[in-house]
Amino acid sequence: MAETQGILMPLIQSECQILKNYRDRGGYEAAKKALSMTPDEVIQEVQASNLRGLGGAGFPTGRKWAFVPKNSPKPVYLVVNCDESEPGTFKDKYIITKATHALIEGIIIASYAIGAHTAYIYIRGEYVRQAEVLEQAIQEAYDNGILGKKVLGKDYALDVYVHRGAGAYICGEETALLESLEGKKGWPRMKPPFPAIEGLFRCPTIVNNVETLSYVPFIIKNGARWFAEMGTERSGGMRLYCVSGHVNKPGVYELPVTTTLREIIYEHAGGVPGNKKIKAVVPGGSSSPPLRPEELDVPAEFDALMKLGTMAGSGGIIVMDEDTCLLEILTVTTHFYHHESCGQCTPCREGTGWMDKILHRMLHGEGRIEDVDHLEEIANGIMGNTICPLGDAAAMPVLGYLKRFREEFESHALYKKCFDGEFAELKAAS
Amino acid sequence: MSFQLSDESKKQIEEIFKRYPHKRAATLPILHVIQKEHGYIPEEAEPFVAELVEEPPVKIREVILFYTMFQTKPIGKYHFQVCHTVSCWLRGAKEIIEHLENRLNIKSGETSDDQKFTITEVECLGACEIAPMMQLNDDYIGPLTREKIDEILEKLQ
């Protein structure tokens with residue numbers, strides 16, 4: 001983490017889990033400003049900034065907020081999604097432990113904008129130490145009149161609570177998260193109704209990712225245009241990219257969303273160990289289809305990556321060098337989604353298990369050439385046929401690896417070894 | 001009912017209820033409090049929690065079995081949860097797990113006879129920047145090497 005540029009990174013590097021450090025950097029001035037605006041003005045500003053959901057879905061944040069019914073007779077809730085579980089993603093952990101007060105300030109502004117007086121931060125259960133830091137910062141905010149009956153001395157009340165999950169990837173899906181928060185197993189709900197209309201405790205609820213909310217204070221402070229101009233026509237600002245796998249400097253890098261994958265990997269994450277070539281790059285968490293090395297000059301941004309048939313997702317970039325066995329990687333990936341399938345929808349519950357079994361069989365050298373087609377068939381059977389996006393998340397890598405690296409899997413099925421380039425000639429000759 | 005909780009835990013549970021408009025929402029936090037005190041969730045805790053949150057005991061069991069962090073039987077004093085998902089796999093998680101299994105002479109999913117060590121292979125813990133990594137009780141440790149594992153075990157023996 002050598003970068004001192006950026007919006008959140010300078011806070012992370014100056015220990016903004018401590019109130020004084022955040023205040024020294026102008027902390028909570030944006031919340032004061034927001035509380036002197038009308039809620040609608042705040043929503044308009046966030047909308048104009050092109051801030052999009054950085055948990056992975058990329059939905060425009062301001063537009064989401066505007067879905068909350070005005071003058072709802074029921075209480076409105078803000079729920080912060082800190083379940084961070086998509087493999088390859090670890091950025092929110094840095095925010096909640098090092099830029100904690102930026103998140104709290106973002107929560108204040110968002111809650112005020114949607115008319116909420118209670119916010120819950122749902123944090124994955126494994127983040128035990130991280131939750132302790134978060135609790136401490138919240139307490140510090142209460143002790144200094146930043147949270148509570150009179151937020152920053154204004155006539156606005158807000159309580160913020162930390163709620164720990166207990167180990168379930170599915171709870172990163174917003175409706176499963178709400179079920180979990182209500183004390184149930186995390187089974188996703190049918191939509192509609194969307195949470196903005198009927199969410200937590202059947203009340204209007206906005207669920208936002210940690211990183212998304214942490215950018216809000218800076219949009220209010222510096223203006224929507226400042227944030228929008230850093231990005232593309234439809235995606236504003238910067239984001240925290242998580243780079244892992246075969247790179248020299250794995251870590252979090254905050255960069256404008258127009259930065260290309262190649263720049264992120266080579267200029268920021270230090271390139272590939274041993275100067276090896278890249279075989280594949282997963283651009284946005286393990287559910288996003290991988291790209292080939294010749295495709296890396298694409299901005300790591302929602303719309304650009306969608307055009308390539310993959311996703312910017314959670315910003316989790318996983319780099320694999322030329323010696324990686326992609327059958328192994330797809331098996332590990334599929335095993336994850338099988339393990340995490342909640343079991344509610346048959347296509348996902350059964351399909352992920354079938355794919356997992358077939359891939360393991362191939363890995364043990366007992367694959368058959370028809371397995372490759374079978375995998376594709378099963379994945380297509382899951383795609384779009386489940387209540388929540390976990391089904392798609394399991395199917396997309398299978399379809400993606402087969403689309404771009406089919407020869408790797410055919411080679412394993414036919415010759416029980418990784419593709420070494422000769423196979424193509426062999427196939428052409430036959 | 002033989003299930004007992006310390007006064008400290010009971011006080012925590014009282015505080016937990018204040019955060020939610022519905023009692024059932026306190027289920028997960030209460031289970032965390034119980035596991036913290038007992039090291040796992042004893043079966044007798046199910047009717048106890050059920051009464052507190054005013055739900056049938058089966059709803060509590062359903063929750064306990066759904067979430068991977070809730071243990072239904074005692075585990076070792078030191079719980080090695082080693083990540084084996086993509087980024088850790090790419091950086092040698094398999095070797096780390098094998099080394100740990102050899103050193104402790106138990107397989108992943110098992111607890112040592114002296115109840116001191118448990119190894120569990122787990123899915124992504126959100127710390128791919130320190131891959132390969134593990135969670136040892138409440139703490140994240142990585143990047144792991146065989147030497148680092150040896151060092152840790154030396155301290156715990």
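1. **Ground rules.** Residues count from 1 along each chain as its sequence is written, while chains are lettered from A and ligands numbered from 1 in the order in which they are written. Since the model is predicted, local features need pLDDT of at least 70 and side-chain atom pairs count only at pLDDT 80 or more, whereas totals for chains, interfaces and linings use all residues.

2. **Domains of chain A.** The assignment gives domain 1 (9-228), domain 2 (238-321) and domain 3 (326-429); such bounds come from an automatic or database domain assignment. Domains 2 and 3 of chain A have C-alpha centres 22 Å apart, and their contact takes nine residues from domain 2 and 13 residues from domain 3. The domain 2 side of that contact has four nonpolar, four polar and one charged residue.

3. **The nonpolar core.** Which residues have the most contacts inside the largest nonpolar core? They are Val79(A), Val80(A), Ile109(A) and Ile317(A), in a core of 177 residues. A core here is a set of buried Ala, Val, Leu, Ile, Met, Phe, Trp, Tyr and Cys residues joined through C-beta atoms within 7 Å; buried means 20 or more other C-beta atoms within 10 Å of a residue's own, exposed means 12 or fewer, and partly exposed is in between, with C-beta atoms placed from the backbone. Not counting residues up to four places away in sequence, Val79(A) touches Tyr120(A), Tyr122(A) and Leu177(A), among others. In soluble globular proteins, nonpolar side chains tend to be buried together.

4. **Helix 16 of chain A.** In this helix (residues 369-382), Val372(A), Leu375(A), Ile378(A), Ala379(A) and Ile382(A) are buried. They fall within an arc of 130 degrees seen down the axis, so they line one face of helix 16 of chain A; the arc is that of the directions from the helix axis to the C-beta atoms. On the other side, Ile369(A), Glu370(A), Asp373(A) and Glu377(A) are exposed. The cover over the buried residues includes helix 15 (346-363) and helix 17 (390-415) of chain A. Just after helix 16, Gly384(A) has a positive phi of about 75 degrees.

5. **Chain B overall.** Chain B has seven helices and four strands, in the order α-α-α-α-β-α-α-β-β-β-α. Its C-alpha trace spans about 50 × 30 × 25 Å along the principal axes, and 39% of its 157 residues count as buried. Domain 1 (7-66) and domain 2 (78-156) of chain B have centres separated by 29 Å, taken over C-alpha atoms.

6. **Helix 3 of chain B.** Ala45(B), Glu46(B) and Val49(B) are the buried residues of this helix (residues 45-53). Their arc around the axis is only 100 degrees, which puts them on the same side of helix 3 of chain B. Helix 2 (27-38) and helix 4 (57-66) of chain B are included in what covers them.

7. **Helix 6 of chain B.** The buried residues here are Ala93(B), Ile96(B), Ile97(B), His99(B), Leu100(B) and Leu104(B). They fall within an arc of 165 degrees, so they line one face of helix 6 of chain B. They pack against strand 1 (78-83), helix 5 (86-90), strand 2 (117-122) and helix 7 (146-156) of chain B.

8. **Thr111(B).** This residue lies in the loop between helix 6 and strand 2 of chain B. Thr111(B) is partly exposed, with 19 other C-beta atoms within 10 Å.

Technical notes
Helices (H or I, at least four residues) and strands (E, at least two) are DSSP runs, numbered from the N terminus. Two residues are in contact if their C-beta atoms, placed from the backbone, lie within 7 Å. Ala, Val, Leu, Ile, Met, Phe, Trp, Tyr, Cys and Pro count as nonpolar, Asp, Glu, Lys and Arg as charged, and the others, Gly among them, as polar.
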